[in-house]
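Reader: Can you walk me through this one? Keep it quick.
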Amino acid sequence: MTTANLLDFDLEGLAAFCEKLGEKKFRATQLYRWIHQRGASDFTQMTDLAKSLREKLATTARVEALPVITQHESKDGTIKWLFDVGDGNAVEAVFIPEDDRGTLCVSSQAGCAVGCRFCSTGHQGFSRNLGTGEIVAQLWFAEHFLRKHLKRDERVISNVVMMGMGEPLQNYSALVPALRTMLDDNAYGLSRRRVTVSTSGVVPMIDRLGADCPVALAVSLHAPNDPLRDDLVPLNRKYPIDELIEACKRYLAHAPRDFITFEYCMLDGVNDQPEHARQLVDLVRKHGISCKFNLIPFNPFPASGLLRSPQPRVLAFARTLSEAGLVTTVRKTRGDDIDAACGQLAGDVKDRTRAAERMAQRRAAEQRPVVLHPVRKTKTVSQEH
Ligand code: SAH
Ligand code: SF4
């Protein structure tokens with residue numbers, strides 16, 4: 001008999017499952033707390049649940065984590081996991097510690113169908129959507145691993161960014177229950193402001209997210225005009241910039257923050273010229289959208305044929321935006337080994353041929369020196385609005 005993976009359920013789903021077992025709804029809350037607050041996966045540990053319920057759970061349910069293929073830890077505490085999601089597919093999650101927060105970057109799909117030119121996940125193509133349980137499993141594992149690893153009793157992960165592999169809004173039905181579990185006080189209890197969905201611009205789903213489960217929104221803009229964005233982010237041909245920004249404005253009516261973050265990956269000679277910065281200012285003014293810009297130094301990979309913008313050009317671009325009153329941050333780079341977390345998670349994946357081969361090479365890989373991923377600090381260029 002197949003059993004239900006309880007990581008697939010938000011609290012409402014778990015209550016429905018418990019009811020089917022003939023159990024009172026409040027039992028679901030107890031069970032949910034055991035799983036997410038205490039990291040339990042063994043029903044026999046859950047001593048305050050009635051023995052009859054524990055017995056029923058033993059035959060009908062499971063708490064199934066994702067197998068870890070590799071774990072890389074840098075000197076500064078950044079940890080990156082590669083998880084096996086079956087059939088030769090793997091996804092990554094990254095923990096980024098900072099002084100005042102701990103951020104987990106989470107994947108939503110194996111591969112991605114959007115196919116952005118500068119993105120290694122996009123170059124990989126699309127394998128499949130992750131299930132709710134596979135999205136939640138990344139947080140469940142990381143949080144409880146880190147508590148043990150760092151010997152902390154209290155919560156370690158305070159922020160989640162859906163900036164790993166995949167387009168979260170193209171996996172909407174799995175995403176929303178996963179977000180609910182992140183937010184639920186009986187599970188991870190994260191603030192809505194500290195859970196960020198990053199999207200390449202799936203307009204109808206931005207509206208649905210605003211209605212169903214508003215969290216902080218980051219939009220991967222990357223270009224100030226449609227011809228350029230059509231080329232970099234093919235989804236733009238379906239949902240052009242003006243429609244996207246109007247959707248962002250509608251989202252702000254529901255959003256936990258009063259701005260949208262626009263991510264802008266700086267590509268040498270492609271979207272980093274002074275006129276692009278000026279066009280962005282005009283675009284934002286035309287729509288009157290409350291926003292912040294986050295300029296991301298491109299993490300190059302050979303198949304893209306693209307290069308990172310030189311730092312002086314990035315700073316000049318940032319200056320143009322900030323002098324026009326737009327709050328702009330630049331992700332700081334450190335030497336050559338830069339910006340290895342969100343957005344480039346698939347960077348390593350795409351350079352590997354197939355996940356299955358990687359898994360076979362896993363032991364050997366573990367013998368090699370660990371790849372260090374520095375914590376990305378952001379540098380505020382301007383704070384005026
Ligand atoms: N699909 C979603 C979320 C995952 S990508 C989205 O596109 O928003 C997360 C962020 O990393 C996006 O802003 C994406 O544009 C950026 N990114 C992707 N590849 C990158 C690369 N090679 N260098 C720098 N940023 C990259
Ligand atoms: Fe997909 Fe985002 Fe990569 Fe584009 S940037 S291919 S939407 S993961």
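Author: A definition to start: two residues are in contact if their C-beta atoms, placed from the backbone, lie within 7 Å. This is a predicted model: local features need pLDDT of at least 70, side-chain atom pairs count only at pLDDT 80 or more, and totals for chains, interfaces and linings use all residues. Residues are numbered from 1 along each chain as its sequence is written, with chains lettered from A and ligands numbered from 1 in the order written.

Reader: Which residues does leucine 295 touch, leaving out those up to four places away in sequence?
Author: Tyr264, Met266, Val314, Phe317, Ala318, Thr328, Val330 and Arg331.

Reader: Which residues touch the most other members of the largest nonpolar core?
Author: Leu14, Leu104, Leu139, Val160, Met266 and Leu295, out of 100 residues. Such a core is a set of buried Ala, Val, Leu, Ile, Met, Phe, Trp, Tyr and Cys residues joined through C-beta atoms within 7 Å. Buried takes 20 or more other C-beta atoms within 10 Å of a residue's own, exposed 12 or fewer, partly exposed in between; C-beta atoms are placed from the backbone.

Reader: Why does this core lie between domain 1 and domain 2?
Author: Because domain 1 (4-62) and domain 2 (68-361) both give residues to it. The bounds come from an automatic or database domain assignment.

Reader: New topic. Is alanine 211 buried or exposed?
Author: Alanine 211 counts as exposed, because it has 10 C-beta neighbours inside 10 Å.

Reader: How far is alanine 211 from tyrosine 251?
Author: 8.5 Å, C-alpha to C-alpha, and 40 residues in sequence.

Reader: And how much of the protein chain counts as buried?
Author: 45% of its 385 residues.
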